[in-house]
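I am opening a notebook on this structure. The entries below record what I looked up.

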Amino acid sequence: MATKTSNRKPAGLTGKMEDSEFHKFFVDELKDIYWAEKHLVKALPKMQKAATSEDLAAAFQKHTAETQTHIDTLEQVFSLLDEKAVAKKCDAMEGLLAEATSIIEDTEKGTHTRDAGLILAAQKVEHYEIATYGSLRTFAQTMGHTDVADLLQQTLDNEKATDEALTQAAESMVNEAAAAE
Ligand SMILES: [Fe+2]
Ligand SMILES: [Fe+2]
């Protein structure tokens, strides 16, 4: 059994990449984001319901469907790596979504302040996802899993587009309307 201090030689020279600590860490982090996406797909419809503006509600609805695609994509990734798709609790996403719930509780229904808060919460989530997928994509590239890296890049691009759409919503109407309340 390998320990942290053992003098393991780099994978690729001595054995399969799949046996390396880095690969195990990579798979563990994939399980973490898999849990996060599954948790998020249940939270987004609540954010949609809480939104004041129809446009924002529609944006959350769109991203719920996209998040389901992210889940499906991760399942493809697990399958390409010959790993079981297992979710491992992600404390960060749990915390971010708890914060979204607090924002809904702390703001009044039907206000633009509520929407400004929902956008804030959603952008924190998107930035977490962008950081995660960016790193995991680079890990996959480093390990030579080009097909996996391409799939993670697709999700990363979608998270970035979502983040930009949320910024647009905030700048084009929500923030000004909230300031007028
Ligand atoms: Fe996602
Ligand atoms: Fe997302």
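I take donors to be N, O and S atoms within 2.8 Å of the metal (3.2 Å for Na, K and Ca); water is not among the atoms, so sites may look incomplete. The model is predicted: local features need pLDDT of at least 70, side-chain atom pairs count only at pLDDT 80 or more, and totals for chains, interfaces and linings use all residues. Residues are numbered from 1 along each chain as its sequence is written, chains are lettered from A and ligands numbered from 1 in the order in which they are written, and side-chain values use heavy atoms, with hydrogens and water left out.

Entry: the two irons. I looked up the distance between the iron ion (ligand 1) and the iron ion (ligand 2) and found 3.4 Å, with Glu129 coordinating both. His70 is in helix α2 and Glu129 in helix α4 (residues 112-142), 59 residues apart. Helices here are DSSP runs (H or I, at least four residues), numbered from the N terminus.

Entry: burial. I call a residue buried under 20% relative accessible area, exposed over 50%, and partly exposed in between (1.4 Å probe, protein chains only). His70 is buried because its relative accessibility is 3%, and Glu129 is buried at 0%.

Entry: ligand 2. I list His63 (NE2), Glu126 (OE), Glu126 (OE), Glu129 (OE) and Glu159 (OE) around the iron ion (ligand 2), at 2.0 to 2.5 Å. His63 lies in helix α2 and Glu159 in helix α5 (residues 146-179), so this pair ties together parts 96 residues apart in sequence. Both His63 and Glu159 are buried.

Definitions and conventions:
Helix = DSSP H or I, 4+ residues; strand = E, 2+ residues; numbered from the N terminus.
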